[in-house]
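Okay, thanks everyone, let's get going.

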Amino acid sequence: MESQLLMNEGTTFFRTCLNAINVLSGVGLISIPFALSQGGWISLIALFILAIICYFMGILLHRCMEVKPQIKTYPDIGALAFGKMGRVIVSIFIYLELYLFAVDLLILGGDSLEKLFPNWGLKVGALRVDGRKAYMMLTALLILPTTWVKSFGALAYVSFGGLLASIVLVGCVVWAGVADHVGFQQRGVVFRLRGFPTAISLYTFCYCAHVVFPTLRSSMTKKTHFPKVLLVSFSLSTLTYGLMAILGYLMYGENVETQIALSLPQHKINTKIAIFTTLIYPLSKYASIIYPIAQAIEDASPLCATRLMSIIIRMLLLLTTVVVAIAVPFFAYVMAFIGAFTGVATSILIPCICYLKINEGWRKFGWELMVIVLIIVVGVSVGLVGTYSSVKELVKRLR
């Protein structure tokens, strides 16, 4: 996500690789074993295919930016391809993706705190709020001061903790399997058609980072090396995702929770570390996730640019995301919806369409055009089926 960057002008190849890995290996790691349990072992093939497709989409964005050096951001690419309307459409998808991701972070915080401290609630007058809803509110209160920071650079350094959190989380899962004698004996299923759309949607969420790639590329000293950055970051991230998915599924099989940390043995120190680690994600990333949305609102009118209005805007954004999180408190399925709806659009469809328009690739019949058209067909199919499936699951759980 755009919030997870650690960058400045003249960033080196190594640091850009760290930034890209930080963007790609994030919250998706928590639910990747659940995704595998939904689709079965064969769905791992889809994970690797999606990794290749999304890597290629990053290359297409890089080629679009080579046309004009002035292109710095994802909306700039939309504007280059389709003018003002292109910028608006791309921006809408970006902000919607960020907003829904912020909602999912609050759900994650509520689930993690409930696991650590069960049977707790809030009482305000005659109103009592129990369980995850109370913890989502508490998470929002903890996050609130971080939303007042107006320096994107400062927020980026805080959000870098997400990369360390991912490393610690993988270590805790391995420790549970080996030292806590959970073992790796579960066989799972080869393929589950009913859960395959959910699996694909969650896999797509893991690679929803393309909104960041143009900004990340712009920060590099040697921009021609960006394809190598993509290769390194996608390779390492896919390796991490595959490892976590396989380990979690071998440990818990069909009983794996939507968040792997919630499946670990209770009352173990590494389990508590894993759950506290998952709390790092909402606390370190929420403010910087919501920052671009708040900034866009402030830039829309001079009346919104004052310090007081800035704080009010961020508080209202936090309040609305809390309301949505409480209304739809299903972490994995909200994540699946993000992956299928906004993720497919920003990470697959928009790069293809913009590339064809900017480079007039649609006029040059050849293998590249055929591959891109095939990817568009796959993307539309994944988007439609995944969105329908995730919405259906959310509605079923709300009844």
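So, I45 sits in helix 3, residues 43-67. Keep in mind that this is a predicted model.

Now on to helix 13. Is helix 13 enclosed or open? Largely enclosed by the rest of the structure, because 24 of its 28 residues are buried. Just past helix 13, you'll find E360 with a positive phi of about 50°.

Okay, salt bridges. Searching the whole structure turns up seven. One of them pairs E298 with R314, at 2.1 Å from N to O. That pair ties together distant parts of the chain, with E298 in helix 11 and R314 in helix 12, 16 residues apart. E298 counts as buried at 3% relative accessibility, and R314 is buried too, at 2%.

R87 and D76 make another, at 3.0 Å. Here R87 is partly exposed at 35%, while D76, at 15%, counts as buried.

Last stop, helix 14. R397 bridges to E393, with the closest N and O atoms 2.4 Å apart, and the two are four residues apart, about one turn of the helix. Shared partners then join E393, K396 and R397 into one salt-bridge network.

That's my tour, happy to take questions.

Key. Residues numbered from 1 in each chain as written. Predicted model: local features only at pLDDT ≥ 70, side-chain atom pairs only at ≥ 80, totals over all residues. Heavy atoms only, no water. Buried < 20%, exposed > 50% of the residue type's maximum accessible area, 1.4 Å probe, protein only. Salt bridge = Lys/Arg side-chain N within 4 Å of Asp/Glu carboxyl O.
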